[in-house]
Amino acid sequence: MGLAFEPFMLRTYMSENAMGSTMVEEKFVFGERAISYTREFAGQKKKTGGMPVDWLVKTMKSRGLEVYTQSFSQTLPFPDEVKERYMVRGTNVYGILRAPRGPRTESIVLSAPCSEGNNNNQAVGLLLALASYFRSQIYWAKDIIFLVNEHDLIGTEAWLEAYHDVNMTGLRSSPMQGRAGAIQAALSLELSSDVITSMDVAIEGLNGQLPNLDLVNLFYAFCQKTGVLCTIQGKLQRNDWNTLPGYTHSLSTMLLMVLKQGSGRPQGDHGLFLRYHIEAVTMRGINSFRQYKFDMTTVGKLIEGMFRKLNNLLERFHQSYFFYLMPSLTRFVSIGYYMPAFGFLALILVLRALDLWVQLSDSARPLEDGASEGEQDSSPSLLTLATPVIICHLTGLALYYLPVLSQEMAIQHFPVSETEAVVLTAIAIYVAGLALPHNTHRVLSGAGTERGWRSLKLFSLLYLAVLLGCTTLINFSLGFILAVTMIPVTAFIQPHRSSKVLHGVALILVSPATTLLLSIYLYHELIEYPVTLLECWQHFLTAVSQGILDHHLYGSLLYPLIALFIYPCWLQFWNIVFWK
Amino acid sequence: QANQFFGSGHTNNWAVLVCTSRFWFNYRHVANTLSVYRSVKRLGIPDSHIVLMLADDMACNHRNPKPATVFSHKNMELNVYGDDVEVDYRGYEVTVENFLRVLTGRLPPSTPRSKRLLSDDRSNILIYMTGHGGNGFLKFQDSEEISNVELADAFEQMWQKRRQVQYSELLFIIDTCQGASMYERFYSPNVMALASSQVGEDSLSHQPDLAIGVHLMDRYTFYLLEFLEDIHPASQANMNDLFKVCPKSLCVSTPGHRTDLFQRDPRNVLITDFFGSVRKVEITTETVKLIPNITEKDEKLTEELMLTEPQKYVEQIPVAEIIHQKPKQKDWHPPDGFILGLWTLIILVFFKTYGIKHLKHIF
């Protein structure tokens, strides 16, 4: 919490020397052309009922670009009820503007998604207008790729995988015909209205990866230059850093970013580029009820300015931070400041583990000397320790594999759709795991001993510390959320007969599922769209299904992490509570 | 008269102009060097006596919206690249080692003459350096540095070793941040130095051009160029004027200079002693006795000729024009043939209507 406090926030600054200051005069004046392209595109989209591939190819060719198409198909593990798709087949269209005098070794990407209905038509229109304008300039040192992708994230993933010749998610796609060298940066555009009141930037990517801070600074610098109102997390800037409302505002912005980053979902098409070390952001045009509107020409100038600055890049972005949190567009908290916060939490775990170790070694000595309390105490065998661990992990494996594999069986027996089957199976396995301690006790020997639970707790604490440490390194927000919820409770639970219920309830409150539920609730509170409990539950179910889908479609690691590691670890603590 | 004739002590001029930084955003350093090159060439030093080292090619950079040009004034008033530039060391050839080898003359025998500094002990050398620098060093190519000690030692080698590269007098100008630190360590005689800023100060750039998108010149060299544009080969401006170029109000940094190693008073040193290549010719109407046994008759003949004042070369021969990029505004006249044709037409019409007998009415 204290991180949002002003002294810890640093002003953002441009680190890359090649970017310099914003000195070029933008000359884009073709806002009208963009609107006319928009209308044509909308009409063609309605006519073809999907992506108007031929029209796009024809238009891009007439503007002088090298146009290529790529068709792809993917089958989801179960139907996606949010986007209503199961077997996805689509085509990406991309046109390459070759740098007139440059070698074809580097490129920048401008992409606009082709969405259903009337969404994002203006984005494609503006992309085409910019393509025709850029084509007539001679100062490009890198090739520019104009990409229109179908089925948003799946299309982007297909394009990226084919471009870099990898196959991570089992997509099938036609071979990639045209390439433009290594991609240095990418900009994804989402515009659904002819005029906008503000421009929002989305930075969180897949698995919580963030683009280089210089790219966000670039966006902000050009927003200031063209006078466009810019927001982050949908919130405007405030200038009063010292006052309480200012503090809460920046705190809420930062919390939103933490929640979004923790979820590991890409917040825009740009999120998938980050994995290939291509810095990318998504720019969303928002049309609200404000008085002052900005037209397409201004947005075009903004993008033109950003592209001219990206043109000056000599190397990939690497000077500025890759790990940061942003309470606002002009302030950031770097990793050096927020890691110690997690460090303290992990310290709690380590100290508790040390304490247990000391207790264990103390109790070992008197037992050896004195009368044997029974052979049960003297050797809490590795079996005693390993059995709960293995059983918990088997439950985790079941949670990971079973929901998707057993969906056919579930539909036959229950009147539910596939998605519901998967989600409900997952929840069922999760809850079933709670009943484990009662059943495994009867099987095990050495259950119910003091040493047993102490050594199990020692192991679990260290396991949790290592797990959270690794998670925090990759995705700080996720690690932090889990740490903040789980560590205090797990450090203190003990199998006392009297307070078993209390400990049990406390542990349930910090279980991953509950954390997810509470996070959803908090998220909706922060975006000022509060939800009731029932709606929250619906969102929760959707989140579980989306998490599983993300894992299968894009390689998101949230679901495997929780199912295979966090949940078993939590189950071990649950075992400890019911040890006796 | 001979003493007056050879007052400055030098008989030829050389210039070594170095730009040490690469990358597109260092456009201004290349423009700096090229503008000094332009002035030096205009004032008479030929390409064979100029060693021009440019660390990057801005004119043909992919990002240059005006290819084959390097501008020094915004709105593209002055193209310092021109069409007759000769770059001797280009791109990655500009290194500390090459620069020091040029100064000391320790080049492999296969080095072409255009890459050598072939000065003798009666040469005045102008050395101009620009780029990114710090306290006691100048950065070459983003990967190495030359220190002020190395530079001072190179000059001392030039002074002491009288077989490879020598100099009679040397003027060193540097336009970098903390430039004054580069001349602190000089200890060779006859060296005068100027810098664009003191230790601890940054040299600032002048104007950006909004179409090209970079800063075009550094302030010190910008005002130096303005000053040099007014110098012509017959100019009597001296070094004290040069020291006044770019005061703190214009430059923001404080330019510095060092004259303690120089034997002559800066007041008596002409700008053209270093920046130009003025060949002194004195026309005399007297005969000069080359062979002692000349007959008396010839002597009498020569004495009868009128004694005129020795005329200086520069006043008789037209001076090379200072090329301004903006054409002069002339009033527009209709072309001459047009007026003649118009009058012919009027006369023909007149005679057609009134007949030729009315001609006498006119006269």
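This is a predicted model: local features need pLDDT of at least 70, side-chain atom pairs count only at pLDDT 80 or more; totals for chains, interfaces and linings use all residues.
Tyr220(B), Thr221(B), Phe222(B), Tyr223(B), Leu224(B), Leu225(B), Phe227(B), Leu228(B) and Glu229(B) are buried, where buried means under 20% relative accessible area, exposed over 50% and partly exposed in between (1.4 Å probe, protein chains only). Residues are numbered from 1 along each chain as its sequence is written, chains are lettered from A and ligands numbered from 1 in the order in which they are written, and side-chain values use heavy atoms, with hydrogens and water left out.

Helix α11 of chain B (residues 336-354) tells another story, as Trp343(B) sits in it and is exposed, at 53% relative accessible area.

As for the contact between the chains, 19 residues of chain A touch 18 residues of chain B, contact meaning heavy atoms within 4.5 Å. Chain A and chain B bury about 1500 Å² between them, 58% of it on carbon and sulfur atoms; buried area is the accessible area (1.4 Å probe) that two parts lose on being put together, summed over both. Salt bridges (a side-chain nitrogen of Lys or Arg within 4 Å of a carboxyl oxygen of Asp or Glu) number 0 between chain A and chain B.

Methods. Helices (H or I, at least four residues) and strands (E, at least two) are DSSP runs, numbered from the N terminus.
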